[in-house]
Amino acid sequence: MAVFSRLMCRRAASVRNLCAKSTEADLHRVSSALSSSLPVINSKEKGRNVQWVFLGCPGVGKGTYAARLSTLLGVPHIATGDLVRHELSSRGPLSSQLAEIVNQGKLISDEIIIDLLSKRLEEAQAKGETGFILDGFPRTVRQAEILEGVTDIDLVINLKLREEALIAKCLGRRICSECGGNYNVACIDIKGEDGNPRMYMPPLLPPPQCESKLITRSDDTEEVVKERLRVYNELSRPVEEFYRLRGKLLEFDLPGGIPESWRKLLQALNLDDHDNKRTAAA
């Protein structure tokens, strides 16, 4: 990973310049140049930490579980959603363009995501980070091909949740405007039918000091949530097949709330969170 980070750092500035000037018509040329300019890093490289990817519909909980695994395994959690939100709050040159895309529930273009990710990888190199858990990238087959040309992903964890639970979960999301904490006021209780078990996901309520400071994300409306799901199904489902064909996809159906799902996810990954140490390889 250290080799990968140095290479990304060396070329990131030129890649961003290309991406900034590119259009959708010539994006393929830019992506191919990035992919071909970086060698594949062997997944068996001695001493390298895990290089995992989280897939799943918007709002499924990728960030929650990726962050927990990041802490457990001691590797950075790189979430493109966080990178986008940071850029939005920075009021930089991309902020207005990103705001329009996000508020309409559309998918952010490859060149913007590559730009933001390249910057984050530069920071990783400067901090001496090794390994990563990617959350929100890749979202298209083209992005997956670019990533495959840069490094060797070990495992892709695909989180799945029933659509009615997913919509309710997205609409229940709240953020503390003061501390930035993430909470959820939805109490999801779906009766078991048609062979599906009952699903219960209790609300994740804020502490008393945050109760009066909760806000809703501007894009968490039913219309936007459904549009995000439509876009995901259209463009990102093929990414699942991309990794399935390579034998790297782990399908995981969330059975309920965080305590139950976290325990079962660790079992699926052959991990143990006792004393916050990794006990086995997934």
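Select Val53 together with Val156, its bridge partner in strand E4, and keep in mind while you look that this is a predicted model. E4 covers residues 155-160, and the 4 bridges that join it to strand E1 belong to a parallel pairing.

Next, select the whole of E1, residues 51-55, where 5 of the 5 residues are buried, so that the strand is largely enclosed by the rest of the structure. If you show the side chains, you will find Gln51, Val53 and Leu55 pointing one way, while Trp52 and Phe54 point the other way, and all of them are buried. In a regular strand the side chains alternate between the two faces of the sheet.

From here, move to an open sheet of 3 strands, arranged in the order E6-E5-E9 with antiparallel pairing. Its edge strands are E6 (182-184) and E9 (214-215), each of which pairs on one side only. Select E5, residues 173-176, to see how 2 bridges join this strand to E9 in an antiparallel run, and then pick out Ile175, which has Ile215 of E9 standing opposite.

Finally, turn to the surface and select Glu163, Glu164, Glu193 and Asp194, which gather there in a patch of negative charge. Where does Glu193 lie? Glu193 is found in the loop between strand E7 (188-190) and strand E8 (199-201), and this residue is exposed, because its relative accessible area of 54% is over the 50% cut-off.

How values were computed. Residues numbered from 1 in each chain as written. Predicted model: local features only at pLDDT ≥ 70, side-chain atom pairs only at ≥ 80, totals over all residues. Heavy atoms only, no water. Buried < 20%, exposed > 50% of the residue type's maximum accessible area, 1.4 Å probe, protein only. Pairing = 2+ DSSP bridges. Patch = residues over 30% accessible without salt bridge, like charges linked within 9 Å, V, L, I, M, F, W, Y side chains within 5 Å. Areas by Shrake-Rupley, 256 points an atom, 1.4 Å probe, with all protein chains shown as cover. Salt bridge = Lys/Arg side-chain N within 4 Å of Asp/Glu carboxyl O. Lys, Arg positive; Asp, Glu negative; His and termini not counted. Charge placed at Lys NZ, Arg CZ, Asp CG, Glu CD.
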